[in-house]
Amino acid sequence: MTDTIVSLSHVDMTFNVGRSNATVALKKINLDIAAGEFISLIGPSGCGKSTLLRLVGDLLQPTGGAIVVNGKSARQARLDQDYGMVFQAPVLLEWRSILKNIMLPMELRGLSRQEQEQRAHELLQLVELEGFARHYPWQLSGGMQQRAAIARALAIQPRLLLMDEPFGALDEMTRERMNIELQKIWQQTGTTVIFVTHSIAEAVFLSTRIVVMSARPGEILHVTEVDLPTPRTLDTREHPHFFELETDVREWLRRAKGYPVV
Amino acid sequence: MKAIQRNLPAIILFVAVLLLWEGAVAFFAIQRFLLPSPSVIAAAFTGNIDRLIHIGWFTTKEALGGFAIGCSTGILVALATARWTVASETLMPFAIAANSVPIIAFAPILNNWFGVDNPFSKMMIVAVIVFFPMMINTVRGLTAVDPMMLELMRSYGAGEGAILRKVRLPNALPYMFSAFKVAATLSMIGAVVSEYFGGNRSALGVFITQEAAQFRFQNAWSAIIVACMIGLTFYLVVLLIERLTIPWHSSVRNAQSN
C-alpha cells in the first residue's frame with residue numbers, strides 16, 4: 001500500500017519526433033506525488049510545465065518513460081474520471097447555465113439528474129456562487145467564471161486536480177482572493193493538486209512542494225519544500241519564512257533561465 | 001409603443017418613398033406599363049386578392065418543401081462529412097465552388113426531369129440552392145470548436161459521440177441559423193424564378209410572367225408584392241425561432257439589448 005497518487009519515472013516528451021522541427025519538451029522527469037499534496041510547477045515560459053500537466057492527464061502521450069496515476073495508466077485514469085482539470089481560461093460552454101456547466105462531468109458519468117443538481121448546488125456554495133445557478137457564463141466576471149470552472153472540476157470528487165495557470169488571466173486582487181479560496185477548497189476536499197503557475201508568491205502561498213523546472217528541454221532543477229504553517233492566511237505573506245522561500249525559488253528560477261545568482 | 005418609436009424613421013421613409021413614387025408617376029405622366037403608381041398596384045392587389053392568395057400559397061408550398069429537403073440533406077451530409085475529416089476536406093472545396101454556381105440556371109433541366117407542371121421540380125431546384133449554404137455552414141459550426149473545449153471533454157473521458165452531442169452540435173446551432181436565414185430568402189427567390197421557366201398555372205412566377213406578357217403590369221407588381229411578403233414572413237419566422245432556440249448566443253443577446 002502506498003499513498004502515491006502520481007508517479008512519473010524517466011518521462012521524456014518530444015514533439016514532432018523524426019521530423020526536422022522535432023522539439024524536446026521534457027527530459028528524464030522523475031517525480032512522485034503523495035495523496036493530499038499541493039504541488040506547484042514553476043519555470044520559464046516554454047519549459048514544458050503545461051505539457052507535463054497534460055501528460056499526467058493523458059491529453060498528451062509521452063515519448064518515453066512511465067506515468068502512473070491513481071495506481072493505473074494515465075489513460076485508464078482519464079477514462080475513469082480520476083482527475084478534474086482547470087485551464088487558464090474558464091472554458092465554460094456558453095449555451096449552458098452555470099449550474100448546467102457544473103453538471104456536465106456528472107452527466108458524462110451518468111449520475112441521476114437529482115444527484116447532479118444536488119451536488120452542483122453544493123459546489124456552487126463551496127465556490128460562493130449560490131445566487132448564479134441560472135446565470136449564463138457571459139453574465140459573470142472572469143473571476144466568477146473561473147470559480148465556476150473549479151466547481152466543475154470538483155464535481156466528480158476527483159482525487160486529483162490538475163490546474164494550468166488557472167488565475168493567470170485575473171487581476172492581482174482577484175488572484176489573491178482566489179488563492180485563499182483555493183487553499184480552503186484544497187483543505188476541505190483533501191484532494192491532491194498539481195498547479196502550474198508563473199507567480200512565485202502564488203506558488204509559495206499555496207504549495208506543499210514547489211517543482212522548479214529548467215528552460216527547454218524541461219528538466220526538474222530543484223524541489224523546494226514549503227514548510228509554512230497551515231491554514232495560510234493573508235498574514236502568511238508577511239511571515240519572514242515566506243520571504244526566505246520566495247528568495248530560494250527565485251534563485252533557482254534565475255538558474256533555470258541561466259541568469260547569474262545574486 | 002416603444003417598438004413604434006424605435007421603427008419610426010423606417011416607417012417615415014417607407015411612406016415618403018410611396019408618396020414620392022405616386023407623385024413622380026403623376027408629375028412625369030409615366031405610362032402605366034412602364035411603372036404603375038402605388039395606388040394602381042394597390043387596386044390590382046385588392047381586386048385580385050383571392051387569386052393572389054391561392055397562387056401565393058401554391059408557391060409557398062414549393063419553397064417550404066424545397067427548404068425542408070435541401071436543409072435536411074445539407075445537415076445530414078454535414079454530419080456525415082464532419083465525422084470523417086478526410087471526407088469533409090475532400091468535399092468542402094467542391095461545396096464552396098458549387099455554392100457560387102448560379103444553380104437557378106439548371107431550372108429548365110430539372111423542369112425536364114421532374115415535369116414542368118409538377119411542383120416537385122421547383123422543390124428540387126430550391127433544395128439544390130439551399131443545400132450548399134446549409135451544408136457549408138453546418139460543417140463550419142461542427143468543426144470550429146474551441147480546442148480547449150475538446151481537451152476539457154477528453155479530460156472527462158468523453159468519446160466522440162458525447163462530444164458531438166454536448167459540444168459540436170450546440171456550437172453549430174448559430175452557424176446553422178445563419179444558413180436557415182439565407183435559405184429562407186433563397187427558397188422563395190428560387191421557387192418564383194424557377195416558375196419563370198414554366199410551371200403550373202396557379203404558381204406565382206407563372207402568373208407574373210403571363211400578366212407581364214399581356215401588359216397588365218399592375219397585376220405583375222401586385223404578385224411581386226405577395227412574393228416579397230411571403231419571403232419576409234419566412235425570414236421573420238426563422239429569426240423568431242432563432243431567438244427562442246439560442247438566446248445565449250452573442251448575436252441574439254446583442255440584438256435584444258439594442
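Strand β9 (residues 209–213) of chain A and strand β10(A) pair in the antiparallel sense over five bridges; strands pair if DSSP finds at least two bridges between them. Helices (H or I, at least four residues) and strands (E, at least two) are DSSP runs, numbered from the N terminus. This is a predicted model, in which local features need pLDDT of at least 70 and side-chain atom pairs count only at pLDDT 80 or more, while totals for chains, interfaces and linings use all residues. Residues are numbered from 1 along each chain as its sequence is written, and chains are lettered from A and ligands numbered from 1 in the order in which they are written.

**The six-stranded sheet of chain A**

- R209(A) has E225(A) of β10(A) as its bridge partner.
- Six strands of chain A form an open sheet with mixed pairing, in the order β6-β7-β8-β3-β9-β10.
- At the edges stand β6 (83–86) and β10 (220–225) of chain A, each of which pairs on one side only.
- On average, neighbouring strands of this sheet are turned by 15° against each other, direction ignored; axes are lines fitted to C-alpha atoms, for helices over the stretch in contact, and angles run from 0 to 180 degrees between N-to-C directions.
- Helix α5 (residues 142–154) of chain A lies across β6 and β7 (160–164) of chain A and runs at about 165° to β6(A).

- Strand β1 (residues 4–15) of chain A runs antiparallel to strand β4 (residues 64–69) of chain A, and five bridges join them.
- S7(A) has V68(A) in β4(A) as its bridge partner.
- β4(A) is also joined by two bridges to strand β5 (residues 72–73) of chain A, again antiparallel, and V69(A) has K72(A) in β5(A) as its bridge partner.
- Two residues lie between the strands in the hairpin of β4(A) and β5(A), where N70(A) takes a positive phi near 55°.

**Domains**

- Chain A is assigned domain 1 (4–82 + 160–257) and domain 2 (90–157), with bounds from an automatic or database domain assignment.
- The C-alpha centres of these two domains of chain A lie 25 Å apart.
- Their contact takes 10 residues from domain 1 of chain A and nine residues from domain 2 of chain A; residues are in contact if their C-beta atoms, placed from the backbone, lie within 7 Å.
- Helix α6 (residues 172–189) of chain A gives four residues, the largest share of the side of domain 1 that touches domain 2.
- That side of domain 1 of chain A has seven nonpolar, three polar and no charged residues; Ala, Val, Leu, Ile, Met, Phe, Trp, Tyr, Cys and Pro count as nonpolar, Asp, Glu, Lys and Arg as charged, and the others, Gly among them, as polar.
- Chain B is assigned domain 1 (1–31) and domain 2 (50–257), and the C-alpha centres of these domains of chain B lie 32 Å apart.

**Helix packing in chain B**

- Helix α3 (residues 49–83) of chain B packs against helix α10 (residues 217–245) of chain B at an angle of about 45°, with their axes 10 Å apart.
- α3(B) and α10(B) are therefore oblique to each other; angles under 35 degrees count as roughly parallel, over 145 as roughly antiparallel, 65 to 115 as roughly perpendicular and the rest as oblique.
- L52(B), G56(B) and T60(B) of α3(B) meet S222(B), A223(B), V226(B) and I230(B) of α10(B) in this contact.
- The residues of this contact divide into four nonpolar, three polar and no charged.

Terms used:
Two residues are in contact if their C-beta atoms, placed from the backbone, lie within 7 Å.
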